[in-house]
Amino acid sequence: MADITNILQISPVIPVVTIDDPQHAVSIARALADGGVRIIELTLRTGSALTSLELIAREVPDILIGAGTILTPAQADAALAAGAQFLVSPGTTPALLNHMLTLDVPILPGVATVGEAMAVMDQGLETMKFFPAGPAGGPDYLAAIAAPMLHVQFCPTGGISLRTAPDYLKLPNVSCVGGSWLTPRDAIDSQDWPRLTELAKQAATLRG
Ligand code: 3PG
C-alpha cells in the first residue's frame, strides 16, 4: 500500500470527480489515465458514488482511486469497503480523524486554518488537504505558513484552475493540487472522453 506522501507525487493535479451516472465511471477513469493522470478523488456527493468507485477500482487498475467528501466514520467505512485506496475529508473532526486513523488506508484530512492543521499534527499527521483553498487564503496563505509549519505538506483544493495551479505548485509546502476542472460536467454529459484526456494531459505536465 502506497503511503500518502507517495500518493501525492502521482500527479501534479488530483482530479476531484463527481459522477452522477455509474455507467460513465470507467470511461472517465480511462480518459484521465490516457492523459497521464493516474489518480482520482471521487466525491461521495451522489447517491451512486460508491457504485462508481467500485467499478473504477475493479475495471481500471492503473488508476489509484480515492474517496472524497468523507464527512462521517460510516462513509469512511463504506468507501473502504467499495475499494477506496485513500480517503479525503473536506474538514476534520476529532471523531472522524480518530476513526480514519484506525483504518488501514492512507488519509488526507482537510484543514483551512493553522489551528486546524495543528490539531491534525497532534495526531501525528503532516500531510493534509487545504480546503477551500481559494476562499481560505490561496497561495499567499500557504506561503505564509510554510516556515512555522515546516514539515507539513498540503494538497490545496477548491477554486483552483489550470491557470492558477502553478501559483500553488511552486510553493515548498504544496505536493500537488486538487481540482474539478479536469472533468467538466458538460463534457461528461456529452461523453466527450477525448476532452477529458486533453485536460488531463495539460494537468499532467504542470510540474515541470
Ligand atoms: C473539492 O471537494 O475538493 C472541491 O469541490 C473541488 O473544488 P473545485 O470544484 O473548485 O475544483
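Predicted model: local features only at pLDDT ≥ 70, side-chain atom pairs only at ≥ 80, totals over all residues.
View 1. Asp192 is found in the loop that runs between helix H9 (185–189) and helix H10 (193–204).

**View 2. The largest pocket and its lining.** The volume of the largest pocket is about 160 Å³. Its lining is made up of 13 residues, and those closest to the centre of the pocket are Thr18, Thr183, Pro184, Arg185 and Ile188. Which element supplies the largest share of the lining of the largest pocket? Helix H9 does, with three residues. Strand E1 (13–17) and helix H9 each supply at least two residues of this lining. Sorted by kind, the lining residues of the largest pocket are five nonpolar, four polar and four charged.

View 3. Leu87 sits in strand E4, which covers residues 86–88. Is Leu87 buried or exposed? Leu87 is buried, because its relative accessible area is 0% and the limit for buried is under 20%. Leaving aside neighbours within four places in sequence, the residues in contact with Leu87 include Ala67, Ile70, Ala76 and Ala79. Also among the contacts of Leu87 are Met100, Leu103, Val105, Pro106, Ile107 and Leu108. For scale, Ile65 is 22 residues from Leu87 in sequence, and the C-alpha atoms of Leu87 and Ile65 are 9.2 Å apart in space.

**View 4. The largest nonpolar core.** The largest nonpolar core holds 71 residues, and the members that touch the most other members are Ile70, Leu87 and Val177. Helix H2 (residues 25–34) gives the most to this core, namely seven residues.

**View 5. The open sheet of strands E6, E7 and E8.** Three strands make up an open sheet, in the order E6-E7-E8, and their pairing is parallel. Which strands are at the edges? Strand E6 (110–111) and strand E8 are the edge strands, and each of them pairs on one side only. Between strand E6 and strand E7 (residues 127–130) there are two bridges, in the parallel sense. Gly110 stands opposite Lys129, a residue of strand E7. Along strand E7, Thr127 and Lys129 point one way, while Met128 and Phe130 point the other way. All four of these residues of strand E7 are buried.

View 6. Phe154 belongs to strand E8, which spans residues 153–156. Phe154 is buried, because its relative accessible area is 1% and buried means under 20%. Which residues does Phe154 touch, not counting those up to four places away in sequence? Phe154 touches Val111, Met128, Phe130, Leu142, Ile145, Asn173, Val174, Ser175 and Cys176. Two of these contacts, Met128 and Phe130, are the residues that point the other way from Thr127 and Lys129 in strand E7. Glu126 is 28 residues from Phe154 in sequence, and the distance from C-alpha to C-alpha is 8.4 Å.

Key
Residues numbered from 1 in each chain as written. Heavy atoms only, no water. Helix = DSSP H or I, 4+ residues; strand = E, 2+ residues; numbered from the N terminus. Buried < 20%, exposed > 50% of the residue type's maximum accessible area, 1.4 Å probe, protein only. Contact = heavy atoms within 4.5 Å. 1 Å grid on protein atoms, 1.4 Å probe; cavity = no way out; pocket = protein on both sides within 12 Å on 5 of 7 lines; lining within 4 Å. Points joined across faces, edges and corners; volume = space filled by probe spheres on them. Nonpolar A, V, L, I, M, F, W, Y, C, P; charged D, E, K, R; others polar. Core = buried A, V, L, I, M, F, W, Y, C linked by side-chain atoms within 4.5 Å. Pairing = 2+ DSSP bridges.
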